[in-house]
Amino acid sequence: MAITAGPSARAEQTTELSFQNRTLEMHLMQENLARAHMQERLHEAEDQRRALAVQRVNRLRRKAERASWKARKALAAAVL
């Protein structure tokens, strides 16, 4: 003879499963939020790294231009 659960037992199981599903959904939402937050921080760090690289390139370009100007000036002075 099989033991069957009554309607109230099924309702409790359904409620428990519903609660577990909500708990899992909330946990997954927290993980997704953390993942999105980390992704945003990585993008910000990459943007900052690019900005610093551009600044460095500009500094080096200006330094090269000054060196070139000084070399032309020295050459012109030597020719005269």
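**A colleague's note on the helix and its charges**

1. Arginine 49 and glutamate 46 sit three residues apart in helix H1, about one turn of the helix. The two form a salt bridge, and their closest N and O atoms are 2.6 Å apart. Please keep in mind while reading on that this is a predicted model.

2. Now follow arginine 50 to aspartate 47. These residues form a salt bridge as well, with the closest N and O atoms 3.6 Å apart. Both lie in helix H1, three residues apart, which is about one turn of the helix. Aspartate 47 is partly exposed because its relative accessibility is 46%. Taken together, salt bridges with shared partners join Glu46, Asp47, Arg49 and Arg50 into one network. As a general point, side chains of opposite charge can pair when their charged atoms come close.

3. In total, the structure holds six salt bridges.

4. Next, a run of positive charge. Which residues form the positive surface patch? The patch is made up of Arg56, Arg59, Arg62, Lys63, Arg66 and Lys70. One of these, arginine 59, is placed in helix H1, which covers residues 7–79. With a relative accessibility of 47%, arginine 59 is partly exposed, and so it is over the 30% cut-off that patch residues have to pass.

5. Finally, the chain as a whole. Its secondary structure comes to one helix and zero strands. How much of the chain do buried residues make up? They account for 0% of the 80 residues. The accessible surface comes to about 7700 Å², and 62% of that belongs to carbon and sulfur atoms.

Technical notes: Residues are numbered from 1 along each chain as its sequence is written. This is a predicted model: local features need pLDDT of at least 70, side-chain atom pairs count only at pLDDT 80 or more; totals for chains, interfaces and linings use all residues. Side-chain values use heavy atoms; hydrogens and water are left out. Patches are made of residues with over 30% relative accessible area and no salt bridge: like charges are joined within 9 Å, nonpolar side chains (Val, Leu, Ile, Met, Phe, Trp, Tyr) within 5 Å. Accessible areas come from the Shrake-Rupley method with a 1.4 Å probe; for residues, only the protein chains shown count as cover. A salt bridge is a side-chain nitrogen of Lys or Arg within 4 Å of a carboxyl oxygen of Asp or Glu. Lys and Arg count as positive and Asp and Glu as negative; His and the chain ends are not counted. The place of a charge is taken as NZ of Lys, CZ of Arg, CG of Asp or CD of Glu. Helices (H or I, at least four residues) and strands (E, at least two) are DSSP runs, numbered from the N terminus. Buried means under 20% relative accessible area, exposed over 50%, partly exposed in between (1.4 Å probe, protein chains only).
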